[in-house]
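Please open the structure in your viewer and keep the selection tool at hand. The tour below names what to select at each stop and then states what is found there.

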Amino acid sequence: MNRIILICCFSLLTACGGGSDSTPDLPPQPSPPPTDPLSQYINVKEAYTGNASPAALNNATLGQVYVYIALLAPELLPDYNDDPGSVGASCSGGGSLNITNGSSDNEKYVSFDNCSEDGMVTNGKATVRANKFSANGELIDSTIIFENIQVKSLLDTDLISERVLSGTSQFKELGEDCSKTEEIHNLLFTDPQTKHQLLYSDFKTHRVGSPNGLCSNNNNSFYVKGDIFDSDLGYWQVRTTKLFMLKTLGSAFEEQGSLTIKGANDSSSTLAVEFYSEQRGNLTSNYPYYRIALLNAANTTTTQTEYIFLQEYFNASMLFDFADDDGDGMTNGWEVAFGFNPLDATDAALDFDGDGYSNLDEYHYWGHPTNIKILPKIADISISLTHEPKNYGATIEVDALISSNADSSQTAIVDVTYTTQAPTQFDSKTYQSHRLCTVSEDLLQLSCQINHLKPGNYQNHKVYLTADKNNTSAVTSSLLAKVAYLGHDFDTTNDNATIEIARLPIDAQFGFSVPHDQLNIIMLVGEQEEAEFSFIQKETASGTIDPLNHFKVQLQLPEFATLLSAQCYEQTTYTWYNCLEKNQLIFTDNGGYRNAYNKFKLTISGHTQGQGHISFTAKSDSTNEQAIGFATFPLVVGQPTQVIQQQIDTAPNMSTITVPNGIYLGPLDLSNKQIQLQAQSQNATLYFNGADYPLFNEATIKLGQSSQLIGFTLASHYITVDEGHSQINNNLFDGTQYHLPSTTIMNNSTLTLAQNRFVGSALDTGYLYDYIREQYHCPYIETGTYYKDENATTINAINNVYSGNLLTHPDIYFACDFIRAYPEAKITMNNNTFQGIGRVLELVYRSGVTPHYEVNMTNNIISNSLFIIENGSYGSTLKDFSAASTFNLINNLIFEVETPFFNMLNKQKETGSVLADPLINYLGYQQANSPSIDTGADITLSIDINGTERPLDGDNNGSKLIDIGAIEFQIN
């Protein structure tokens, strides 16, 4: 069971992140559904239908209670092995585990397909949710939701056989200076055959410290608390009365701790770990044991039954069965553990090991009934070595397993000698003041003493080595280990072990980062801009950082810009210093891990117009000048739009102004007279260069008096249309390459949109930390006003192509939309191509209004999108459209649209729709066998988006029919 939980928890820790706090305000959105979709698996207490009364606590039920406790708190068992290296293991016995993204950034799905691990096979699905991150972005609170997964044991001795598991397990990291973890379980196990239920209610375990770390106040500890329900028997309360301090959980010279179980009629039981001191040989040590007491229900101060098991031989089976079926005074669990017959009372008087004591005496007096060699110090000591190569920056570690297989009650003292050879040596810093280990002067031999090695037990011994840090390539060597027992070792063939050891070559890769409000540099010719950047070292596969020396960054600027100065940040003094040498930034050599974070700032001047990128290449002496990080950052230098505005202001009404190719930064006003502003080509770009991208109430381009905007490339603008019939034609709405936000058009009058290309993208900067939102670059149109229902508006959209962000990111949450329409809007869309967008048309209106729309859509391609028309009222209930409202859709080619019409109240009238793959590419161009060719409805349209004549005989059958979509197919 614990293995399932660890796998799920590990899946979130390796693939989860947070979001940005820089999201701008958006229009109000509908409230999310109030019910958690996984509530049926979360609220398992409601699903429990069994006995809810206090359960009996006696010899017959006590073992079962400890089975239930050990299922979620195996730390209490003497054979518990807390191996942090195995937490990431998954399905080592076969099957598979698949991790996929959840419904939000903080959610992952984990699916098990015959996942076999530690004798248990798991099938089904769990959801892992991140509840909280620390200030530095580390996950410190997560919840696993088990969705009726099937768990089946392959072992006859396991705690559960086959169950259906639902419920939640929450994991919290509470410590900073010292490891503190807390688990809260609400889990329901159901037997699919008998319908027996086992419920853990608010079952909490709390742990301080770890096996590899002693807290500063020496308070490594563990406790458990909660209620356990058995559908047949009732429930028991489990409470820790004294913190457990056990060697299986960390350093504990005096092992101790206790818990109390309460059942029906005030009955109770205690499980206590205690110790006694005893001199064995010349050494006096502490020897722990387990004491289990079952208290009389009528008088909790009087012990009814008591069991004592020495830790030397104690195993979990003794804790799981306290019945004495044959009435011989020895529990079934104890008898089974030593191979006796729990149904034969005569074995109590026998002396199986021939040492003169009966088995019952061995049971009562802490003896060993089957080991005649209990008194002599006789042992079989063995050693084995395991090693996994780690990264360049980590210490070389070897795990030595030193075991005693002796049938002896004596504790073994073992001397271990380790020997290595160049290029490796033992880590002198680790062993400089070590109490039990010493290193030779040449650092090639390590001598250690292992105390308290109990019979039948083993000790894990970590051996630490190093190699020259100047050698950044792979390092290989060997380690020889030999054990010597201070008594009689009757098998010396297993006293030696040899293993090949290695250190991996340096693995240093850096990610690029910028402040969240700095996505590009955009400035006028002659201006200066300062920008800040960082190169941050990524963790290796083992989750560590390889130390570097002499970090540097090579710069390359486009020819239209000049680098005026550069400064790097000194982390130790928190100051900036000049670090530019020719075209490189040379960082102060802080050495080692301090070079993992490298911040710098540049001052740049633009001397001519241009669009390009600054390139950054990270290098270091430790990596022999090889590139260990690369990034580019957008840089745009342009001239002010004042040169255009002056022509507009002085031109007569109804004039045409041709704008030469170039980059123009700033606002434009075409609202005072009828002006046709014509670009020489789409190499004439209009960007807005404000500190922030334009807000919804701040127009940066104003159209009015039937003005026209033709042939430009636009981004980062907010266009308003007022008075008259304005036109926006032949433009490219795209600034993705330069990380520019999209353009929004607000129509308050009549607007024609013809032969435009709209590009929507979820920008992927490739930076280590990316603050750009999913719909950051989505050209978008609104028509009408939310608070002015009487304001009638008109949009004619003809021959446009919109390639949305779903084409490149099909699983993205925020998809690009085309038009949002408020009431009294008349919208015509003919021969457009929409692919990979969210909504072609969204209808929005306030509560208390009767919305009126006139919508005609003919010959459009709509593919790989979410909606054609969505009725997205912000009112509490949907309103009926006016009687005169119309939604006519004629001869449109529709393919893979998730929900064509949403909440439309069956108002739409759809005729002649073609449901087929349009067979078009990203730009909207058809293949020769596209169903859009020569299949359009007959409408008056003479050219396509490229100015190609319509109609053409695209299928070469002798007749000319207009194509569906924005592009007329031509036979080459």
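A salt bridge is a side-chain nitrogen of Lys or Arg within 4 Å of a carboxyl oxygen of Asp or Glu. The model is a predicted one, in which local features need pLDDT of at least 70 and side-chain atom pairs count only at pLDDT 80 or more, while totals for chains, interfaces and linings use all residues. Residues are numbered from 1 along each chain as its sequence is written, and side-chain values use heavy atoms, with hydrogens and water left out.

**First stop: salt bridges**

Select Arg239 and Asp227. These residues form a salt bridge, with 3.5 Å between the closest N and O atoms. Arg239 belongs to strand E9 (residues 234-245) and Asp227 to strand E8 (residues 221-230), 12 residues apart. Here helices (H or I, at least four residues) and strands (E, at least two) are DSSP runs, numbered from the N terminus. Is Asp227 buried or exposed? Asp227 is buried, at a relative accessible area of 18%, whereas Arg239 is partly exposed at 29%. Buried means under 20% relative accessible area, exposed over 50%, and partly exposed in between (1.4 Å probe, protein chains only).

Next, select Lys45 and Asp202, whose closest N and O atoms are 3.0 Å apart in a salt bridge. Lys45 lies in helix H3 (residues 44-47) and Asp202 in strand E7 (residues 197-208), so this pair ties together parts that are 157 residues apart in sequence. Lys45 is partly exposed, with a relative accessible area of 40%; Asp202 is also partly exposed, with 42%.

Then select Lys462 and Asp399, which meet in a salt bridge of 2.9 Å, N to O. Because Lys462 lies in strand E21 (residues 458-467) and Asp399 in strand E16 (residues 396-404), the pair ties together parts that are 63 residues apart in sequence.

How many salt bridges does a search of the whole structure find? The search finds 16. To see a network of them, select Glu782, Asp817, Arg820, Arg839, Glu842 and Glu870.

**Second stop: helix H4 and the cores**

Select helix H4 (residues 59-72). Of its 14 residues, 11 are buried, among them Val65, Tyr66 and Ile69. At the N-terminal end, Asn58 caps the helix: a side-chain oxygen lies 3.0 Å from the backbone nitrogen of Ala60.

Now select Tyr66, Tyr200, Ile292 and Phe309, the residues with the most contacts inside the largest nonpolar core, which has 66 residues. Helix H4 contributes the largest share of this core, 9 residues. A nonpolar core is a set of buried Ala, Val, Leu, Ile, Met, Phe, Trp, Tyr and Cys residues joined through side-chain atoms within 4.5 Å. A second, separate core of 58 residues includes Ile719, Ile837, Ile862 and Ile894.

Return to Tyr66. Leaving aside neighbours within four places in sequence, its contacts (heavy atoms within 4.5 Å) include Leu259, Ser269, Ile292 and Phe322.

Select Ser382 in strand E15 (residues 381-387). Ser382 is buried, with a relative accessible area of 14%. Not counting residues up to four places away in sequence, Ser382 touches Leu401, Ile402, Ser403, Asn405 and Asn494.

**Last stop: the segment after strand E62**

Select Tyr922, which is placed in the segment after strand E62 (914-915). Tyr922 is partly exposed, with a relative accessible area of 36%.

How values were computed
A polar contact is a pair of N or O atoms within 3.5 Å; within protein, one must be able to donate a hydrogen and the other to accept it, and residues adjacent in sequence count only if both atoms are side-chain atoms.
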